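User: I would like to go through this structure feature by feature. Please give the general idea of each feature, then the case at hand.

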Amino acid sequence: MKSASGPQRQWRRALITGASSGIGEAIARRLAAEHVDLVLVARRRDRLEALSSELGTACEVLVADLAQPEQLETVADRLRSTTSPVDLLVNNAGFGAVGDFLETEASSETGMLDVNVGAVHLLSRAAGSAMVQRGSGAILNVSSIAGFAPTPRSATYGATKAFVTSLSESLHIELGPQGVVVTCVCPGLTETEFHQRAGYRPDGVPARTWQTADEVAQAALEGLAAGKAVVVPGRQNKAAVAAARLAPPRLVRRAANRLATLNNK
Ligand SMILES: NC(=O)c1ccc[n+]([C@@H]2O[C@H](COP(=O)([O-])OP(=O)(O)OC[C@H]3O[C@@H](n4cnc5c(N)ncnc54)[C@H](OP(=O)(O)O)[C@@H]3O)[C@@H](O)[C@H]2O)c1
């Protein structure tokens, strides 16, 4: 295996949360093509089993609801295994919801915090400890460009992604010198089941803004191999993030409000 900072790092076994659709499935397909063994995690067993039998690599199916503490702990235990170690964790599972903050269902919001924040936190600790002990490994966290600016009418979702990006950048600095690469990918609009599940109708968004799940997976894995801290796939998304970081916060809030009104009518 090459050094943690070197390009074209080869992984032996990756655990991917949210591998049953979208970006997680696309990452699984790309890693399988590189003959990486996989541990596929999500709730929909039928999807995971179908993917597992289709991919030409060794796959374990681990059905778990990451919002349920006992099931989350099973996934963490799998990451701590010394007999069959995982050297790449992909924290990808997540979901969003659209609605006025005070009108959203409390249980759905709590579930979002559990999956988008709690699971990423616990699994990063479990995998990070095991990898630091071995002196090598990697964590790829799937965040969002939504974490760089306010997201009115998806307030909790944007806040969860700001957490993931911030945690990832800190861990990149902390764990890098101990042989563990931490990379965070921040996609923009991506063609998956995400928007339908979130009740989000991005009607006013030009078609060229969208990326495929495979484009995001490719950018994420290339960024990880290059040892990057943060990867923003796509020129439009890069421009949006640069604007959010450089513009006066008052203007960013005004633009965020306009976007929320346009897209969530
Ligand atoms: N699509 C976009 O435009 C976009 C943009 C930026 C960031 N993202 C991020 O990309 C990641 C992947 O989303 P996607 O776009 O690929 O959407 P997706 O197709 O809906 O996939 C979401 C995945 O997360 C899993 N998941 C959700 N809740 C779970 C739970 N409680 N326990 C275990 N697994 C759970 C789902 O599996 P099961 O339902 O089978 O459990 C599914 O595999 C998310 O973190 C999302 O925030 C998406």
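**Reading the model**

Analyst: Start with one residue and its contacts. Leu38 touches Ala14, Ile16, Ala28, Leu31, Ala32, Leu55, Thr57 and Cys59, leaving aside residues up to four places away in sequence. Keep in mind that this is a predicted model.

User: How do I read the nonpolar core, and which residues in it touch the most other members?

Analyst: In soluble globular proteins, nonpolar side chains tend to be buried together. Here the largest nonpolar core has 67 residues, and Ala14, Ile16, Ile27, Leu38 and Leu40 touch the most other members. Helix α4 (residues 106-134) gives the most to this core, namely 9 residues.

User: How do I read the sheet, and what is the order of its strands?

Analyst: Look at which strand pairs with which, and in what sense. The open sheet has 7 strands in the order β3-β2-β1-β4-β5-β6-β9, with parallel pairing. The edges are taken by β3 and β9 (230-231); each has a single partner strand, so one side of each is left without a neighbour in the sheet.

User: How many bridges join β1 to β2?

Analyst: Strand β1 (residues 13-17) runs parallel to β2 and is joined to it by 5 bridges. Within this pair, Arg13 stands opposite Asp37 in β2. Between the two strands the chain passes through α1, and this β-α-β crossover is right-handed.

User: What are the pairings of β2 with β3 and of β1 with β4?

Analyst: β2 pairs with strand β3 (residues 59-63) in the parallel sense over 5 bridges; Ala42 has Val63 in β3 as its bridge partner. Together with helix α2 (residues 45-54), β2 and β3 make a right-handed β-α-β unit. The pairing of β1 with strand β4 (residues 88-91) is also parallel, over 3 bridges, and Val90 in β4 is the bridge partner of Ile16.

User: Where is Ser166, and why is it classed as partly exposed?

Analyst: Ser166 is in helix α5. It has 13 C-beta neighbours inside 10 Å, and so it counts as partly exposed; the class requires a count between the exposed limit of 12 or fewer and the buried limit of 20 or more.

User: How do I read the ligand shell, and which residues are closest?

Analyst: Take the count, the closest members, the classes and the contributing elements in turn. The ligand is surrounded by 30 residues, the closest being Gly18, Gly22, Arg43, Arg44 and Gly94. By class, 12 are nonpolar, 12 polar and 6 charged. Helices α1 and α6 (194-198) each supply at least two residues of the shell, and the largest share, 3 residues, comes from α1.

Methods. Residues are numbered from 1 along each chain as its sequence is written. This is a predicted model: local features need pLDDT of at least 70, side-chain atom pairs count only at pLDDT 80 or more; totals for chains, interfaces and linings use all residues. A nonpolar core is a set of buried Ala, Val, Leu, Ile, Met, Phe, Trp, Tyr and Cys residues joined through C-beta atoms within 7 Å. Helices (H or I, at least four residues) and strands (E, at least two) are DSSP runs, numbered from the N terminus. Two residues are in contact if their C-beta atoms, placed from the backbone, lie within 7 Å. A residue is near a molecule or strand if its C-beta atom, placed from the backbone, lies within 6 Å of it. Ala, Val, Leu, Ile, Met, Phe, Trp, Tyr, Cys and Pro count as nonpolar, Asp, Glu, Lys and Arg as charged, and the others, Gly among them, as polar. Two strands pair if DSSP finds at least two bridges between them. A crossover is right-handed if, with the strands pointing away from the viewer, the path from the first strand over the helix to the second runs clockwise.
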